[in-house]
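Reader: I am new to this structure and should be grateful for a guided introduction. May I put some questions to you about its parts?

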Amino acid sequence: MDAPPPTPEPMGPATGRSRSFLPLVGLGLLTSAAALFGVWAIGQATEDFNLMGLYHFWVFPTGALIVGIAAGSGYGIGSWWTGVRISRSLLWLVVALQIAVYFAAQYIEFRHLLAAYGGGEQMGFFDFFDESTRAISFREEGKSDYGDPLGGWGYAFRLLELAGFVLGGLVVPLALKAKAYCESCQVYMRTRHLVTIPASVPAEKIKKKDLEAQTSHQQVQDEAWQAGHQALEALRQSAEAGRASELQRIVDEHAAHAKEVAKLPIRLTVDLSVCPSCGSGILRAASLTGHGDQIRREDLGTWPVSAGLTGSLTI
């Protein structure tokens, strides 16, 4: 089908103002502080356990990733709450803040240890950071003793820890960035599944030597693929023309066979995102191939729909 314009024209009342991202940043810093406090509390409540130092297969910073997700969740929550859209520049700001928070936590730990065990010649922060990094060691599962300090190699694991914390902080914001957004009202849209259209027939086990059966089956598959895309094109035209009754008929026709369609090797899925403020919406189509872990998704385009049409649909 012809690719529709990827960015819909705004149909709601324009606010004319961009909202401040400061509350979003403030909430992100708050959850970051809470996450690091949680790490400290777990360390105090357990014997010789550091959540940030938890690794899998020696190189995957599982603990830092978990803590990073908790720390960065506030940026996503703040974006949803304030209506400030997650942009590329905002993602870079989150990266910078996560790095700053990580080193701030290191500095707070340094000051805490200095106050607790101070006396004599005081050590500077950078000397403390270097010494603690070179002193990193690991304990194998089932053993009580730690191995030898890693020395200079400790910086490699320190970098992995920092990377896990930063990447974890981006998980929630990136998930929110993918959601549909109403530029006019500056709010995230609410998305629900509209319909799944068949684009293939059930798979069959055909012997390789049976060329005639294979050719016949492939022909049927091609016809089903064309029929599915024709139905999707009809749905697109109905939506863009505002023909609600025709669009509803297409949706109802395929909804009656939703369970059977979901089992097919190839199907076309359409989601509807609606702005909770102005009611305008976006239809997003995609092709799904396979099932489970082997599923492959291919976006087929988006197109805008009016508030009157979204309000008349029954899903």
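This is a predicted model: local features need pLDDT of at least 70, side-chain atom pairs count only at pLDDT 80 or more; totals for chains, interfaces and linings use all residues.

Reader: How far apart are the end C-alpha atoms of helix α1?

Author: Helix α1 covers residues 22-45, which gives it 24 residues.

Reader: Which residue of β5 is the bridge partner of R267?

Author: Strand β4, residues 266-274, runs antiparallel to β5, and nine bridges join them. The two strands form a hairpin with six residues between them, where G279 takes a positive phi near 85°. Within β5, the bridge partner of R267 is L288.

Reader: Which residue of β6 is the bridge partner of T289?

Author: Strand β6 comprises residues 296-305 and pairs with β5 in the antiparallel sense over nine bridges. Six residues lie between these strands in their hairpin, and G290 in the turn has a positive phi of about 85°. The partner of T289 in β6 is R296.

Reader: What is the C-alpha separation of G311 and G281?

Author: G311 belongs to helix α9, residues 307-312. With 64% relative accessibility, G311 is classed as exposed, because the cut-off for that class is over 50%. G311 and G281 are 30 residues apart along the chain, and their C-alpha atoms are separated by 9.7 Å.

Reader: What phi does Q186 have?

Author: Q186 lies in the loop between β1 (181-182) and β2 (187-188). Its relative accessible area is 13%, so Q186 is buried. Most residues other than glycine have a negative phi. Q186 is not a glycine, yet its phi is positive, at about 55°.

Reader: How much accessible area do F57, W58, V59 and F60 have together?

Author: W58 is located in the loop between α1 and α2 (62-82). With a relative accessible area of 47%, W58 is partly exposed. Together with F57, V59 and F60, W58 forms a nonpolar patch on the surface, whose accessible area is about 510 Å².

Key
Residues are numbered from 1 along each chain as its sequence is written. Side-chain values use heavy atoms; hydrogens and water are left out. Helices (H or I, at least four residues) and strands (E, at least two) are DSSP runs, numbered from the N terminus. The expected span of a helix is 1.5 Å times one less than its number of residues. Two strands pair if DSSP finds at least two bridges between them. Buried means under 20% relative accessible area, exposed over 50%, partly exposed in between (1.4 Å probe, protein chains only). Patches are made of residues with over 30% relative accessible area and no salt bridge: like charges are joined within 9 Å, nonpolar side chains (Val, Leu, Ile, Met, Phe, Trp, Tyr) within 5 Å. Accessible areas come from the Shrake-Rupley method with a 1.4 Å probe; for residues, only the protein chains shown count as cover. A salt bridge is a side-chain nitrogen of Lys or Arg within 4 Å of a carboxyl oxygen of Asp or Glu.
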